[in-house]
Amino acid sequence: MKETDREAVATAVQRVAGMLQRPDQLDKVEQYRRREARKKASVEARLKAAIQSQLDGVRTGLSQLHNALTDVKDIQQSLANVSKDWRQSINTVESLRDVKDAVAQHSQLAAAVENLKNIFSVPEIVRETQDLIEQGALLQAHRKLMDLECSRDGLMCEQYRMDSGNTRDMTLIHGYFSSTQGLSDELAKQLWMVLQRSLVTVRRDPTLLVSVVRIIEREEKIDRRILDRKKQTGFVPPGRPKNWKEKMFAILDRTVTTRIEGTQADTRESDKMWLVRHLEIIRKYVLDDLLVAKNLMVQCFPPHYEIFKNLLRMYHQALSTRMQELASEDLEASEIVSLLTWVLNTYTSVEMMGNVELAPEVDVHSLEPLLSPNVVSELLDMYMSTLTSNIIAWLRKALETDRKDWSKETEPEADQDGYYQTTLPAIVFQMFEQNLQVAAQISEDLKTKVLVLCLQQMNSFLSRYKEEAQLYKEEHLKNRQHPHCYVQYMIAIINNCQTFKESIVSLKRKYSKSEAEEGACLSQPSMDGTLDTIAKEGCGSLLEEVFLDLEQHLNELMTKKWLSGSNAVDIICVTVEDYFNDFAKIKKPYKKRMTAEAHRRVVVEYLRAVMQKRISFRSAEERKEGAEKMVREAEQLHFLFRKLASGFGEDVDGHCDTIIAVAEVIKLTDPSLLYLEVSTLVSKYPDIRDDHIGALLAVRGDASRDMKQTIIETLEQGPAQANPSYVPIFREITVPSLNVAKLLK
């Protein structure tokens with residue numbers, strides 16, 4: 001208390017100090033005292049009121065506790081009295097057991113009396129129900145069936161409640177109502193038949209389908225009610241729960257599966273297009289069925305059945321199973337393509353699941369794949385393997401057919417520009433095009449793989465093509481009279497090379513998605529080199545044919561017969577021109593090279609005739625006459641090949657100038673200038689050798705041994721430097737049985 005007093009005094013002092021801080025506030029001391037007195041009186045009054053209230057509450061609580069104690073004592077006394085009375089009444093309860101049995105018997109009899117009418121009318125109701133089922137009045141039949149089941153279940157439940165162990169009475173009741181289960185099964189059969197034809201029924205008689213759904217809903221409610229009652233009584237009537245809703249979806253599932261499987265009308269043996277036909281029928285049936293389900297069936301089923309969603313799931317699962325079965329069969333390449341195209345593209349396209357009339361209920365992006373990625377990969381691998389074998393076989397067959405055509409007695413066909421050709425390039429690339437178009441329907445990746453495969457097989461095919469062309473040439477050389485149109489078909493082979501080149505480039509550009517992919521395809525083993533080789537060898541074969549006919553006339557050159565007035569060069573020109581009239585059927589790139597090669601070879605053969613020392617001039621007049629003849633013939637040959645090359649818009653090479661240069665050496669009249677003339681010749685044609693010079697001097701016939709030796713030795717000391725653009729012409733000319741030592745002798 002002392003501590004509290006001290007705190008109160010300190011607080012009062014602080015408060016007074018706060019009120020008396022200025023001198024003028026002393027005048028208000030009395031006013032402050034009265035105000036504080038009023039506050040003190042107010043606080044004391046509130047304190048007294050609070051204490052009085054607390055005291056009243058305590059007094060009331062004590063009174064209530066006293067009353068509760070009294071009540072507890074009264075209850076305790078009453079419980080004691082009740083216990084005493086209960087012990088005294090045990091014997092009385094035992095004496096009432098007979099009354100209890102009588103009550104139970106009365107209850108059973110009351111139930112029997114209540115159902116007596118139904119019990120006696122069971123046979124009649126069974127017959128009526130059977131008739132209604134046969135008449136198709138399913139709702140009325142189900143109503144009577146419900147009455148029968150209700151009577152049976154009520155009696156059996158009452159019997160079970162009274163004496164669950166009395167199986168004899170339960171069996172008696174069940175036997176009396178045995179026909180009820182048969183009616184239920186018969187009605188169920190009718191319901192399932194309607195459901196199996198639901199897609200047809202909903203269009204012809206939707207009320208029948210609605211009736212079936214109503215019956216199933218009634219049975220579902222009865223099932224739920226009985227299961228709830230089972231929790232209380234433990235009794236479940238026979239045949240319950242029926243689960244007709246679950247069975248309904250099972251029936252629909254089997255119906256969908258059967259419908260999908262039943263669309264295969266043909267086999268591979270009866271129709272090569274069996275799979276295409278089968279898949280098209282499936283597409284049409286599924287689309288039609290789903291449209292009917294969306295537009296009509298949903299109106300016949302309660303919303304919580306989600307009938308369209310469930311049917312969509314059933315169709316998808318049935319299709320997936322069917323596609324798996326088809327994929328596991330031994331399919332041909334075309335059948336694999338048909339299957340994958342349908343699974344990967346058609347199924348989700350607007351022709352089927354992507355149809356606008358099925359939206360938005362069907363979202364193609366949420367559909368699971370019909371075939372797993374592994375199965376698709378296996379099918380693609382199988383397709384590529386089969387396609388590889390087929391392409392090899394097709395190419396071999398096409399080449400064999402083309403090879404047979406080479407032996408025909410008639411000329412090959414010409415294209416619109418008049419160039420000879422065979423059907424081989426068209427057949428090959430038509431086959432490639434068809435396979436690439438088919439692959440593109442499946443996926444871009446498969447298209448790329450097929451493109452690479454085609455190019456690889458084309459590369460191998462060209463090697464075989466080259467071998468066949470070589471064999472064709474060799475067979476002809478054994479007997480030049482056969483085949484009759486050898487030249488024409490060899491021209492066609494050469495032209496085919498150009499067609500192949502153009503077709504390969506076109507194929508790459510058309511079926512490559514991007515420049516990068518085209519570059520990847522172009523990086524495949526190049527076929528241009530093989531085609532150029534085939535064309536080059538073909539041109540060589542034709543030129544060989546020309547020079548076989550020219551051989552006799554070339555052998556006349558630089559002989560005494562030639563000097564005396566032979567027309568060998570005239571015949572050579574006529575023969576070459578005649579052949580090149582046929583060669584006009586060769587396409588420009590190859591014909592140009594062939595013309596240049598023929599020009600070079602004719603000049604080489606002319607020079608070879610010079611170097612073979614077939615003639616040795618005896619006098620200056622002979623040398624002049626021979627040289628002038630050589631010049632005339634060189635100009636004649638130059639005119640011929642300039643005429644042949646006029647179609648290319650370019651001038652001919654100066655090969656004929658070589659003949660003129662050699663003629664100048666022969667024509668020279670002053671032997672002292674011979675070294676200078678020969679030096680000029682060597683500087684223009686650096687590939688000329690000592691044996692060529694020796695043979696040339698031997699043809700002149702007037703060079704002494706010392707002069708020959710001096711010229712050759714001098715030229716050996718300072719070999720000429722070749723011009724970078726110079727094309728050697730003497731290199732392939734040999735001087736048989738002739739060397740410098742012999743010439744010097």
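Modeller: Let's start with a term: on a 1 Å grid over the protein atoms alone, a pocket is an open set of points where a 1.4 Å probe fits, with protein on both sides within 12 Å along at least five of seven lines. This is a predicted model, where local features need pLDDT of at least 70, side-chain atom pairs count only at pLDDT 80 or more, and totals for chains, interfaces and linings use all residues. Residues are numbered from 1 along each chain as its sequence is written, and side-chain values use heavy atoms, without hydrogens and water.

Colleague: What is the volume of the largest pocket?

Modeller: About 490 Å³, taken as the space filled by probe spheres set on the points, which are joined across faces, edges and corners. Lining residues have an atom within 4 Å of a point; the largest pocket has 26 of them, and Val276, Ser334, Glu335, Val337 and Ser338 are the closest to its centre.

Colleague: Which helix supplies the largest share of that lining?

Modeller: α14, with eight residues. Helices here are DSSP runs of H or I with at least four residues, numbered from the N terminus.

Colleague: Why is Asn390 called partly exposed?

Modeller: Buried means under 20% relative accessible area and exposed over 50%, with partly exposed in between (1.4 Å probe, protein chains only). Asn390 has 25% relative accessibility, so Asn390 counts as partly exposed. You'll find Asn390 in helix α15, residues 373–405.

Colleague: How many of the chain's residues count as buried?

Modeller: Of 745 residues, 42% are buried.

Key. Helix = DSSP H or I, 4+ residues; strand = E, 2+ residues; numbered from the N terminus.
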